[in-house]
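This report describes a single protein chain, moving from model confidence to overall architecture and then to selected residues.

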Amino acid sequence: MRISELIIRLIDWFYRKPVAAILPRQTFRYIVCGGANVVFSWVCYFLVYNFVLDKEQLDLGFVVVSAYVATMLLIFPFTFFTGFWLNRHIAFHGSPLRGRVQLFRYLMSVCGSILLNYLCMKLFVGVIGIYPTPSNALTKAISVAYSYLMQKYFSFRGCVDGNCR
């Protein structure tokens, strides 16, 4: 049995009432995969910030990058590829699109999500005047909805097993 099949079985074991009555199976899988990737990013961030960079600035010779920004940049490739793998093999498995097409589309949707996060925070905090913390929560809700729709209808369009049509 492949690891993806094992993960799907594990996730689907938790897909019971009342959750099954509220959410489609694919949406539930997407939420679990996204949540797992967020936790993975937190662990990576903690380890890199505290032990790899030791909370020190990163001097690249031509620019000095703060430890918290450098950590974000260093862990991005890991969380990007784990997120892609989880979406491709768990949440939206069975898409007829080729892997490289999915990867490129996923990259475009992630870039769109980063841009959307930036614009929403600028709008909510800078223009409307909402406090940063509630603005961040609202921005994340918008970003998650955007990401789900982009993955379902663009990056992994036409899933068979994942029922993505």
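## Model and confidence

pLDDT is the predictor's confidence in each residue, on a scale from 0 to 100, and helices (H or I, at least four residues) and strands (E, at least two) are DSSP runs, numbered from the N terminus. In the protein chain, mean confidence is highest in helix 1 (residues 3-13), at 95, and lowest in strand 2 (residues 64-65), at 90. The average pLDDT of the protein chain is 91, and 96% of the residues score at least 70.

This is a predicted model, in which local features need pLDDT of at least 70 and side-chain atom pairs count only at pLDDT 80 or more, whereas totals for chains, interfaces and linings use all residues. Residues are numbered from 1 along each chain as its sequence is written, and side-chain values use heavy atoms, with hydrogens and water left out.

## Overall architecture

The protein chain has six helices and two strands, which follow one another from the N terminus in the order α-α-α-β-β-α-α-α. Its C-alpha trace spans about 50 × 40 × 30 Å along the principal axes. Of the 165 residues, 34% count as buried, where buried means under 20% relative accessible area, exposed over 50%, and partly exposed in between (1.4 Å probe, protein chains only).

With contact taken as heavy atoms within 4.5 Å, 59% of the contacts between residues at least 6 apart in sequence join residues at least 24 apart. The protein chain exposes about 10700 Å², of which carbon and sulfur atoms supply 70%; accessible areas come from the Shrake-Rupley method with a 1.4 Å probe, and for residues only the protein chains shown count as cover.

## Thr79 in helix 4

Thr79 is found in helix 4 (residues 67-91) and is buried, because its relative accessible area is 14%. Leaving aside residues up to four places away in sequence, Thr79 touches Asn37, Phe40 and Ser41.

## Aromatic pairs

Rings of Phe, Tyr and Trp (its six-membered ring) pair if their centres lie within 6.5 Å; planes under 30 degrees apart count as stacked, over 60 as edge-to-face and the rest as tilted. The whole structure holds 14 aromatic pairs. Phe46 and Phe51 form an edge-to-face pair, at 5.9 Å centre to centre and with 75 degrees between the planes. Phe46 counts as partly exposed, because its relative accessibility is 46%, whereas Phe51 is exposed, with a relative accessible area of 61%.
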